[in-house]
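Here are my notes on the model you sent.

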Amino acid sequence: AAAAARPAANDGGHATGTMRRTLALTFNVFKLRIGIVIALTALAGAAVTPGEAGGWQIALLGLAVLVASASAGAFNQYYEVDLDRQMARTRRRPFASGTLAHRRGWAVAIVAMVTIATAAAWVGVNPRAATHTFLGAFFYAVVYTVWLKRRTWLNIVIGGLAGSFAVLAGAATVTDALPASTVLLAVILFLWTPPHFWSLAIAYRGDYETSGVPMLPTVVGDRRAAYVILAHVAALGALSLLLAVELRSSVMLIAAIAGGALFLRHADALAAAPTRRAAMGTFHASLTQLTLLLVAALIHGATGY
């Protein structure tokens, strides 16, 4: 009986392993970690904006933004397969490594996903929210990936508008107005994106030089780029505090102080010594700072604190 049971157990283990690999592949090709953050950004946009909407509308908008962002992430890898193969950091991505075949069907599927996400937001929420949802995906997939990334160091500066459009999509779900709190959060996302990516570009400078992508550190050097990062982080900290004051939110104030201080400390260390270790520390601090701010915004929206 024990012997008879072993194949079944092995089959179960094989199925579990296959499922894990499939999930990992899905997260990778659609860049779902980024997609989830962008969806949370849209929900935060709704949370900091005075107005009303049904819970199902907010949930639908979050899902639409997630699908649109995931589509843009997949298109980024589909379009940049040649660059990804040149960079040590990205050569194991599904299209670059050959795990997924680089076929036109993917382009069709990606366009279909963006269309479905935009249509769902248009019908289930409102046209303004749908437009912002589409523009967020468009700016990352087309403006950043296709038009700017290989041409100018301003690539991620302008491409950073993708996060701002997520904020505006969330706000459009609850009101037709554009209050100061919404504008502040949108500007914060716009300013956050460049230092986040530039820190990574310092850490992987060799990859960007090899591939010829003109990220700021490869154009002006690591030290000057680090000072630009520090200036962005200082502005982010000030705007985060201003947002907390505008909302009269104690939880936002705590998040702004804690996240801003952490990000600023690492950015200052990077400016003093632009090493790979300092760059990665700044990169991870940027994620912590944004996570604290978004979670605080959601808590404020739910509790008023």
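Predicted model: local features only at pLDDT ≥ 70, side-chain atom pairs only at ≥ 80, totals over all residues.

1. Which residues have the most contacts inside the largest nonpolar core? They are Leu61 and Met252, in a core of 80 residues. Helix 10, which spans residues 180-203, supplies the largest share of this core, with 12 residues.

2. The surroundings of Met252 can be listed. Leaving out residues up to four places away in sequence, Met252 touches Leu243, Ala244 and Leu247, and also Leu293, Ala296, Ala297 and His300.

3. Searching the whole structure gives 10 aromatic pairs. One of them joins Phe138 and Phe139: the ring centres are 6.5 Å apart and the planes stand at 75°, so this pair is edge-to-face. Phe138 has a relative accessible area of 27% and is partly exposed, while Phe139, at 15%, counts as buried because the limit is under 20%.

4. Both of these phenylalanines also belong to a cluster linked by ring pairs, made up of Phe134, Phe138, Phe139, Trp147 and Phe165.

5. A pair of aromatic rings is described by the distance of the centres and the angle of the planes. For Trp153 and Trp198 the centres are 6.4 Å apart and the planes are at 45°, so the pair is tilted.

6. Trp198 is buried, with 1%.

7. Tyr204 has two arginines over its ring face. Arg89 lies at 5.7 Å from the ring centre, and Arg276 lies over the face of Tyr204 at 4.7 Å from the ring centre.

8. Where does Lys149 lie, and what is it in contact with? With a relative accessible area of 8%, Lys149 is buried, because the class takes in values under 20%. Apart from neighbours within four places in sequence, the contacts of Lys149 are Glu80, Tyr144, Asn155, Val213 and Pro214.

How values were computed: Residues numbered from 1 in each chain as written. Heavy atoms only, no water. Core = buried A, V, L, I, M, F, W, Y, C linked by side-chain atoms within 4.5 Å. Buried < 20%, exposed > 50% of the residue type's maximum accessible area, 1.4 Å probe, protein only. Helix = DSSP H or I, 4+ residues; strand = E, 2+ residues; numbered from the N terminus. Contact = heavy atoms within 4.5 Å. Phe/Tyr/Trp six-rings, centres within 6.5 Å; stacked < 30°, edge-to-face > 60°. Lys NZ or Arg CZ within 6 Å of the ring centre and 35° of its normal.
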